[in-house]
Amino acid sequence: MSLLEIKDLHVEIGDSISGRGSTPAKGKKVLNGLNLTMEQGEVHVIMGPNGSGKSTLTMSILGYPGYEITAGTITFSGTELNPMPIYERARLGISIAYQTPPEIRGVKLRDIIRIAGSKPLWNPQDEPEENIATPLLKKVGLNPEQFRDRDIGVGFSGGERKRAEIAQVFAAMPKLMILDEPDSGVDIDSLKTIAVDLGEYIKENACACLIITHYRHILPYLKPDIAHVMCGGKIMKSGNPFEIFTKIEEKGYCEYLGLCPPGIKEETERGMKI
Ligand code: ADP
Ligand code: MG
């Protein structure tokens with residue numbers, strides 16, 4: 001049995017996530033028959049032009065409200081996820097670091113890290129030195145004294161947000177971690193620290209990792225098994241990550257656009273000229 005099996009997935013984005021109403025919509029079709037299988041401990045890279053549906057795929061696996069599955073199935077360790085709410089999927093061992101981590105005023109970073117790890121909120125009487133969030137913040141290169149009492153994401157730099165997200169992922173001890181552009185906005189030195197920690201976590205815990213990235217910097221540390229190129233809401237090509245990166249760096253995504261469904265090529269080319 002595979003860890004994650006996605007079959008012929010079709011997803012529409014509803015109005016509810018744009019704040020325009022509570023009823024999922026006459027939506028925009030974003031995923032159009034996507035297939036993906038991952039085994040325990042495997043590292044898969046997803047790349048693809050802006051708007052190809054990469055983040056929508058991650059939100060659909062997690063069951064984020066407003067991402068409506070109109071056809072196909074997502075199965076995790078033999079359990080079909082389609083009818084499950086987000087918190088039940090998280091309990092099964094799926095954890096995500098979002099592309100754009102949210103700001104949450106009034107909730108401290110140390111508390112969300114503890115919640116992600118199913119630990120009670122910090123009570124100094126029981127636990128004189130906070131010992132859940134503190135080591136994880138250190139691990140991702142955030143000074144615990146400066147960050148643990150701050151509201152989540154508020155006033156954080158782009159890279160600090162990403163690192164705070166990864167601390168939450170580590171706390172959850174997932175079987176599958178989904179990282180949506182964890183390297184965007186992170187400086188090159190911090191990138192190496194995070195990548196080393198992610199690589200160690202993956203190896204020690206036989207954790208599977210689905211990572212979306214436009215860059216190859218962190219890949220040597222994560223040792224990906226395979227890369228997939230998405231276009232038009234589908235995986236159009238899969239293969240050796242380093243070979244695919246080399247081709248994309250040399251030629252751009254257009255190399256792959258011949259594989260796209262009619263209409264997508266022109267649309268993407270127009271987008272790429274901007
Ligand atoms: P990627 O991560 O590959 O850049 P996304 O999955 O974020 O792409 O988006 C795929 C398409 O869905 C894009 O055209 C995007 O504009 C659209 N989309 C994503 N989120 C929303 C939303 N909340 N409301 C309307 N359209 C959206
Ligand atoms: Mg995205």
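**The metal site and the spaces in the protein**

Author: In this predicted model, Gln 99 has a relative accessible area of 32% and is therefore partly exposed, since that class lies between the limits of 20% and 50%. The OE1 atom of Gln 99 coordinates the magnesium ion (ligand 2), as does the OG atom of Ser 55, at 2.1 Å. These two residues are 44 residues apart, so the pair links distant parts of the chain. Ser 55 belongs to helix H1 (residues 54-62), whereas Gln 99 is found in the loop between strand E6 (94-97) and strand E7 (104-108). Ser 55 is likewise partly exposed, because its relative accessible area is 25%, which also falls between 20% and 50%.

From the metal site we may turn to the open space in the protein. The largest pocket holds about 750 Å³ of space. It is lined by 29 residues, and those closest to its centre are Ala 90, Ser 95, Tyr 98, Ala 116 and Gln 168. Helix H1, which carries Ser 55, is among the elements that give two or more residues to this lining; the others are helix H2 (86-92), strand E6, helix H3 (109-116) and helix H6 (158-172). The largest share, five residues, comes from H6.

A search of the whole structure finds two cavities of 30 Å³ or more. The largest cavity has a volume of about 40 Å³. Its lining consists of Pro 101, Pro 102, Ile 152, Gly 153, Phe 156, Arg 161, Ala 164, Glu 165 and Gln 168. Gln 168 was named above among the residues closest to the centre of the largest pocket, and it also lines this cavity. Helix H6 again gives the most to the lining, here with four residues. The residues around the largest cavity divide into five nonpolar, two polar and two charged.

The second largest cavity has a volume of about 30 Å³. Pro 182, Asp 183, Leu 191, Ile 194, Ala 195, Leu 198 and Ile 218 form its lining. Six of these residues are nonpolar, none is polar and one is charged.

Definitions and conventions: Residues numbered from 1 in each chain as written. Chains lettered and ligands numbered in written order. Predicted model: local features only at pLDDT ≥ 70, side-chain atom pairs only at ≥ 80, totals over all residues. Heavy atoms only, no water. Donors = N, O, S within 2.8 Å, 3.2 Å for Na, K, Ca; no water. Buried < 20%, exposed > 50% of the residue type's maximum accessible area, 1.4 Å probe, protein only. 1 Å grid on protein atoms, 1.4 Å probe; cavity = no way out; pocket = protein on both sides within 12 Å on 5 of 7 lines; lining within 4 Å. Points joined across faces, edges and corners; volume = space filled by probe spheres on them. Nonpolar A, V, L, I, M, F, W, Y, C, P; charged D, E, K, R; others polar.
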